[in-house]
Amino acid sequence: MSLCSKQGFFLGLMTMTGIILPGFFKAVAIFRFSTRLMTRKLKDFVRQEALHMLQNALEGSGGSAASSAYTEAYRLIMRFAIGDKSFVVRIAAVRCLKAFANIGGPGLGLGELDNSATYCVKALEDPVSSVRDAFAEALGSLLALGMNPEAQVQPRGKGPFPPAKKLEGGLQRHLALPFTKGRFC
């Protein structure tokens, strides 16, 4: 099977599963399928569609899937997709990150929230305006989640999970400080 036909197969499979089984899929299966797609060398539109499918799965799960699925999804987003060369993949990845924040950031500790917000601030220097806009939206969602511990979802699964904590100094560190240092002026 050639590379183009494999990519067409993956795109067709993603489209078909999104149309036929939207309410019946377990979020874990979609997270793992998206992870496998992202770690391969596929065309931009296939990686973009995989991230779009992951975003839909995150939004559809509402924070009720297993913690391992969220950990794997977060790792996928931050490791493979956020720094991608293609701006359409970066936009899709940051939309996943925003979806993660909107459902309460299950499995995200203060370190992950701080890391994500820091990366969003750095990405505000991206040359593509639509990428900057997407990262700005995600930064707002992440900071809102970090400032409101009651909104943070505790994941399901094995193991002790740390209690939700407030991201202390998040607004100062991620919004005010970069501008006062003259970084964006």
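**Helices, core and charged pairs**

Q: Which residues of H3 are buried?
A: In H3, the buried ones are Val46, Arg47, Ala50, Leu51, Met53, Leu54, Gln55, Ala57, Leu58 and Ser61. Buried is under 20% relative accessible area, exposed is over 50%, and partly exposed lies in between, with a 1.4 Å probe and protein chains only. Helices are DSSP runs of H or I, at least four residues, numbered from the N terminus.

Q: What are the ground rules here?
A: It's a predicted model, where local features need pLDDT of at least 70 and side-chain atom pairs count only at pLDDT 80 or more, while totals for chains, interfaces and linings use all residues. Residues are numbered from 1 along each chain as its sequence is written, and side-chain values use heavy atoms, leaving out hydrogens and water.

Q: What span should H3 have?
A: Its 18 residues should span 26 Å at 1.5 Å a residue, and the end C-alpha atoms are 26 Å apart, which agrees. The expected span is 1.5 Å times one less than the number of residues. Gly62 follows H3, with a positive phi near 65°.

Q: OK, and Ser61, buried or exposed?
A: Ser61 has a relative accessible area of 11%, so it's buried. Its side chain makes a 2.7 Å polar contact with that of Tyr70. (A polar contact is a pair of N or O atoms within 3.5 Å; within protein, one must be able to donate a hydrogen and the other to accept it, and residues adjacent in sequence count only if both atoms are side-chain atoms.)

Q: Switching to the largest nonpolar core: how many residues?
A: It has 36 residues, and Leu51, Leu54, Leu58, Ile77 and Phe100 have the most contacts inside it. H5 gives the largest share, 10 residues. By nonpolar core I mean buried Ala, Val, Leu, Ile, Met, Phe, Trp, Tyr and Cys residues joined through side-chain atoms within 4.5 Å.

Q: What does Ile77 touch?
A: Leaving out residues up to four places away in sequence, Ile77 touches Leu54, Leu58, Ile82, Ala93, Cys96, Leu97 and Phe100. Contact here is heavy atoms within 4.5 Å.

Q: Where's Cys96?
A: Cys96 sits in helix H5, and at 0% relative accessibility it counts as buried. Its C-alpha is 9.0 Å from that of Ala138, 42 residues apart along the chain.

Q: Over to H6: which residues are buried?
A: Leu113, Ser116, Ala117, Cys120, Val121 and Ala123. Those fall within an arc of 165° seen down the H6 axis, so they line one face. The arc uses directions from the helix axis to the C-beta atoms.

Q: What does the side chain of Ser116 reach?
A: The backbone oxygen of Glu112, at 2.8 Å. Ser116 also touches Tyr74, Met78, Leu97 and Leu142, again not counting residues up to four places away.

Q: How many salt bridges does the structure hold?
A: Four. A salt bridge needs a side-chain nitrogen of Lys or Arg within 4 Å of a carboxyl oxygen of Asp or Glu. In one of them, Arg47 pairs with Asp84, closest N and O atoms 2.8 Å apart. Arg47 is in H3 and Asp84 in the loop between H4 and H5, so the pair ties together parts 37 residues apart in sequence.

Q: And what distance for Asp126 with Arg90?
A: Their closest N and O atoms are 3.1 Å apart. Asp126 is in the loop between H6 and H7 and Arg90 in H5, 36 residues apart.

Definitions and conventions. Helix = DSSP H or I, 4+ residues; strand = E, 2+ residues; numbered from the N terminus.
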